[in-house]
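Trainee: Before we look, could you take me through how such features are read, one after another?

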Amino acid sequence: MKIGPALLTVHLWLVLVFLYVPILVMAVLGFNASPLYALPFQFDLVWYKALAGNAKLIDAGINSIGIAIVNTAIATALGTMAALAFARYKFRGQTILQLLLFPPVAIPWLVIGTSMLVFFFWIDIKRGLFAILLGHVALSLPYVIVVVGARLATFPRAVEEAAATLGATPWQTFRRVTAPLLAPGVIGGALFAFAVSFDQFVISYFLAPPGITTLPVEIYGAIRKGFTPEINAISTIIIVVSMGALLLTARFYRFGGER
Amino acid sequence: MSTVAVTDAVKKYGAVAALDGVTMTFREGEFFGLLGPSGSGKTTLLRAIAGFVSLDRGQVLIDGKDVSGVPVHARDIGMMFQNYALFPHMSVAENVAFGLEVRGRPREEVADRVKAALAMVRLGGLEQRRPKQLSGGQQQRVALARALVTRPKVLLLDEPLGALDKHLRQEMQVELRRIQRQVGITTIFVTHDQEEALTLSDRIAIFDSGRIIQEGAPMAVYERPVTKFAAGFLGEANFLQGSVAAREPNGLARIALQIGGDASCRLSDGQVGQTVLLALRPEKITLGEGGHAGVNALRGKVLDVVFSGNSTTYRISVGDQVMILFRQNLAQGTVAPGSDVLVSWSPEHLVQVTP
Amino acid sequence: MAVADRRNRGAILALTGPAYLWLTATIFLPLSAMLYCSFLDKSPLVPQPPVLTLKHYAAFIDKAVYQQLMLWSLELGAIVTLCCLVIGYPAALALAKVIKGRWREAMFLMVVLPFWSNALVRTFSWAMVLRPGGIADQAIHVVVPGAPALNVLYSYPAVVIGLVHSYLPYMILTCYISLQAIDDSVIEAARSLGARSGALFRRVVFPMSLPGVLAGSALIFVPAVGSFMEPRILGGAKGATLGMAIEEQFTVTANWPFGAALSFMMLAAVLLICLALYPVARKRMEGL
């Protein structure tokens, strides 16, 4: 199979081109002076400067970051606890609980977003940043549980017992042995939660009242009105932030701490 | 140097009794082996002494004091785990220092004692390495140094040599005994490898289904097993069934063997007509080509010959049973399969066992 | 691993409770609420005593346009899934079996990274590329001057391209995991028995990677059927999907009960399809 592997490799590279070229094109056009995307290319930072003056976008950006940070804290805490329970104990209903992690991921976010809209209306939670936060944490939880769970699976259990035989109290064992070994997984899960929340569009779209939005919702509205390079600029920033967070996740998850 | 005792220990998991009434005293400074098949309760007992398992009934005493309510970290024990359980995120030196640091020992004292411990296991110079950079044998020495540096009352070993290859294993066995004698610490270890138990221990106990079947010095347990299980578990044994034909004045008894012929041996009890089971070790049987069958001598036919370097194993059919015989290879050559042979033994090598 | 007993039960509850309470309050209860809503006569936005009816489900059955939308959406989901499979499987194969060492991890990361970045932004980037006067248009004109202007944007193919771009990494990821799990020695055994590449793939590699294929398909089909953002941006008013119709019920028309009914019809259709294929899938994956 001599040609086979070569063809496959070429195909893989083409796929990567397919995945990245549009993003690169979009990013590059954000640095182009022409407001109509006309070539030839003329480097200019005018659109980024315009962003700085766009109060609505900046507000939306602050909302997005704020929600993402709170979401990360909550989802990481809750998700890590649940992952610990799955790894440390064997109990009836464990499989069911693990299966229940699928709906948030598998059901179209359209359905989840609209049902949250309906439910929150009935229990009198107004649309707004709090409602959006509720939704984001729900979506982040399965990812945190899976990432931390994967890390826990490779955790050498006996080291905690060894620490106890060496005289460490449960708190000392946690502080000096368990936590350092868990840290890469938890950080990976946290970064994932941040990315999920920061990028989340559909849920935010339905739960955002007029006047208060997150960055993706704001961008969507701008796109509906018409394409402008300002959108390119803010989109590029978003992509850089979320890809950056995910690159860090990868580093912590695969290479950080002990493999 | 401490004593450890377990009295009437019972531990049940659901309907299964992992420990079914175990009583044992471990003497100061001795190297004690817990031996038995998997699930027999030996590991459960070890972990009960450590404090990871809480007994349903019975007590664990260290130096005469009941430690049943004492948590693991306060029992002052040292433990070595099957896969060493070294802290992967710490260096060798940090691993060894851990027990001293959590006790709050001053930094200089810790550094000195770590150095001494690593020297004792002959690993000086590797302080800064990480566990994954070490070989299996080296990791094990680190685990040993780590367990001993705190000068615990008792050392517990959970199948410590299981993960090593044969050569390394033998090397470590020697090391382990050397260090244990040097330090003088009471050591209890668990193994399913009977050869290891025999070589390392001052005393051993054989476990079966949560109970201790027999305990004592290795040689005593080997030569004088009490039950069929004990005889079969430690090495190989031939089992001869028969009924007591007559009792003789000097304490000997004449037994009519089921496979034919007679045996004569010392029997502690046994009325005439009673069925007895006798164990005979393969290395105690003599192989001869001529001779007549008689008391403690039977004729049979060689089925199989396996040459193993310093000894040869023969499988011989005697009557309707197959007997196993080991013979040291002194320049005698081997007897060919199919030969008609005489197997004989002396009466003191027959041991009565309960079935 | 500690077996659960009375002492542990408290710990287990304390650890899993908060997360699952949250999920109940934000996913499971809302879904139930939406189900209830689909039976309401009038939108709950207007305060009135609730009247239960089946008329919204009836409307779906009566009005052909919604059934058509459903079919189109299912069709869209199927096409997107198929394209992802055809494009993604070979890429996964390359990653799992051809590329080795550090390159493999690096390229895997590069494949997965766009997937976890903002879907909206990626969809927008395709709009950039596909619009008349955009890069694709200009590239074609460089190669074939005088060709008609590219009018891909605001069309069905554009929607497909955008959705494939969004979900392709999912398929590559699941297929990669499945393929990587195939022990090299199994492949060597097959070769030693005389299997050539075609037979090797057909009879050994592909069947053993089926779990990954199916997982990826399920994870792509469902969201693709329910998509509305990509069709709206890349398909304009013309790319009509059930997802867009549902979205309208909640934002423009404010007919929540009808939107809820449509949502559950969509979920039901997807579930039926999965259930129908499940026995077949199960049989094919026996032993894996």
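Mentor: Let us begin with charge in chain C, where the mean positions of the 21 positive and 13 negative charges are 5 Å apart. Lys and Arg count as positive and Asp and Glu as negative, while His and the chain ends are not counted; the place of a charge is NZ of Lys, CZ of Arg, CG of Asp or CD of Glu. This is a predicted model, in which local features need pLDDT of at least 70 and side-chain atom pairs count only at pLDDT 80 or more, whereas totals for chains, interfaces and linings use all residues. Residues are numbered from 1 along each chain as its sequence is written, chains are lettered from A and ligands numbered from 1 in the order in which they are written, and side-chain values use heavy atoms, with hydrogens and water left out.

Trainee: How many helices does chain C have?

Mentor: Helices (H or I, at least four residues) and strands (E, at least two) are DSSP runs, numbered from the N terminus, and chain C has 13 helices together with one strand. Helix α1 of chain C covers residues 6-37 and contains Y36(C).

Trainee: Why does Y36(C) count as partly exposed?

Mentor: Buried means under 20% relative accessible area, exposed over 50%, and partly exposed in between (1.4 Å probe, protein chains only). Y36(C) counts as partly exposed because its relative accessibility is 37%. Of the 288 residues of chain C, 51% count as buried.

Trainee: What share of the contacts in chain C with a separation of 6 or more comes from residues 24 or more positions apart?

Mentor: Contact means heavy atoms within 4.5 Å, and in chain C that share is 67%.
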